[in-house]
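Hello, and thanks for passing this one along. Here are my notes as numbered points, to be read with the model open beside them.

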Amino acid sequence: MNRLRAAAAALLATATLVASATLGAAPAAAAPAGLAGMDVSSYQGNVNWSAAWNNGARFAYVKATEGTYYTNAYFAQQYNGSYNVGMIRGAYHFARPDTTTGATQANYFVDHGGGWSKDGKTLPGALDIEYNPYGATCYGLSQSAMRSWIASFVNQYHARTGRWATIYTTTDWWTTCTGNYSGFAANNPLWIARYAGTVGTLPAGWSTYSFWQWASSGTFPGDQNVWNGTLDRLKVLACNGTC
């Protein structure tokens with residue numbers, strides 16, 4: 001979410017300048033249909049969760065870890081705070097396929113906040129696999145090596161938690177770095193990132209998305225998201241059935 005946020009900010013700044021010059025003001029983006037939610041990281045610090053709830057957010061993904069070297073210093077406030085106001089929450093891991101294996105990072109994630117419990121308010125952990133903010137777009141891996149790395153992560157996460165991780169990505173990155181591989185769609189929910197009026201073409205294999213990150217700022221702190229369904233259906237995902 002790091003490079004995507006930066007790129008979106010640059011595009012938004014450009015669009016704002018153009019709109020201001022031609023229209024006098026930039027129109028607000030309309031939220032897509034679906035259940036409103038958000039995702040946050042250390043950038044947001046201590047979040048006012050009551051305000052986010054009162055403004056309509058019903059779920060949140062919170063950054064827990066990156067690679068095997070970083071944990072979010074605000075994780076407890078964000079992860080527990082969202083839960084305490086009534087949101088369905090989950091943790092996410094920013095992948096670094098150039099540093100350690102997928103299984104190693106899955107273990108680090110689970111050991112530092114990325115686990116799952118059948119309490120009806122905890123989503124399966126998410127793997128944030130996207131543009132490399134530190135170097136080569138695909139982290140120096142071939143498409144086959146990247147597919148293997150992702151498989152290593154999601155299989156180990158499943159072994160540790162009994163859940164298949166949500167995969168956060170963009171269609172462009174997925175196509176470039178995995179060869180638009182379709183093999184994860186059967187098990188792993190898709191969290192698509194696209195800052196546009198429509199969700200666009202999805203990565204191969206997924207006929208629909210579960211979550212859509214549609215803007216980098218808006219009503220809620222952090223990124224703006226929607227769940228593609230009702231609150232009851234989100235609870236089914238959280239519970240892995242009923243609970």
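Predicted model: local features only at pLDDT ≥ 70, side-chain atom pairs only at ≥ 80, totals over all residues.

1. The overall picture. The protein chain has seven helices and nine strands. Of its 243 residues, 47% count as buried. Taking contacts between residues at least 6 apart in sequence, 66% join residues at least 24 apart.

2. Helix H5. This helix covers residues 143–161, which makes 19 residues. From first C-alpha to last, H5 reaches 27 Å, close to the 27 Å expected at 1.5 Å a residue. Its buried residues are Met-146, Trp-149, Ile-150, Phe-153, Val-154, Tyr-157 and Thr-161. Looking down the axis of H5, you will see these buried residues fall within an arc of 120°, so they line one face of the helix.

3. What does the buried side of H5 pack against? Its buried residues meet strand E4 (88–94), helix H4 (102–111), E5, strand E6 (166–169) and helix H6 (171–178).

4. The nonpolar cores. The largest core has 47 residues, and Met-38, Ile-129, Ile-150 and Phe-153 touch the most other members. H5 gives the most to this core, with six residues. There is also a second, separate core of 16 residues, which includes Phe-59, Leu-123, Tyr-168 and Trp-227. As background, nonpolar side chains tend to be buried together in soluble globular proteins.

5. Met-38 deserves a look of its own. Leaving aside neighbours within four places in sequence, Met-38 is in contact with residues including Val-47, Trp-49, Ala-52, Ala-57 and Phe-59. Its contacts also include Met-87, Phe-220, Pro-221, Asp-223 and Asn-225.

6. Salt bridges. How many does a search of the whole structure find? The search finds three. In one of them, the side chains of Asp-111 and Arg-160 meet at 2.7 Å, N to O. Asp-111 lies in helix H4 and Arg-160 in helix H5, so this pair ties together parts that are 49 residues apart in sequence. Arg-160 counts as partly exposed, at 38% relative accessibility.

7. Another salt bridge joins Arg-96 and Asp-98, with the closest N and O atoms 2.9 Å apart. The partners sit on either side of the burial cut-off, since buried means under 20% relative accessible area. Arg-96, at 10% relative accessibility, counts as buried, whereas Asp-98, at 35%, counts as partly exposed.

8. The Glu-66 and Lys-63 pair also forms a salt bridge, at 2.7 Å, N to O, and both residues are buried. Glu-66 is in strand E2 (residues 59–66) and has a relative accessible area of 4%. The C-alpha atoms of Glu-66 and His-93 are separated by 5.6 Å, with the two residues 27 apart along the chain.

9. Asp-128 is found in strand E5 (residues 126–128). This residue is buried yet has no salt bridge, and the nearest side chain of opposite charge, Lys-63, is 6.5 Å away. Lys-63 is also the salt-bridge partner of Glu-66. Not counting residues up to four places away in sequence, Asp-128 touches Met-1, Tyr-92, His-93, Phe-94, Ala-95 and Tyr-168.

10. Backbone details. Tyr-139 is not a glycine, yet has a positive phi of about 60°. Tyr-139 sits in the loop between E5 and H5 and is buried, with a relative accessible area of 5%. Asn-240, likewise not a glycine, has a positive phi of about 60°. Asn-240 lies in the segment after helix H7 (231–239) and counts as partly exposed, at 46% relative accessibility.

How values were computed: Residues numbered from 1 in each chain as written. Heavy atoms only, no water. Helix = DSSP H or I, 4+ residues; strand = E, 2+ residues; numbered from the N terminus. Buried < 20%, exposed > 50% of the residue type's maximum accessible area, 1.4 Å probe, protein only. Lys, Arg positive; Asp, Glu negative; His and termini not counted. Salt bridge = Lys/Arg side-chain N within 4 Å of Asp/Glu carboxyl O. Contact = heavy atoms within 4.5 Å. Expected span 1.5 Å × (residues − 1). Arc of directions from axis to C-beta. Core = buried A, V, L, I, M, F, W, Y, C linked by side-chain atoms within 4.5 Å.
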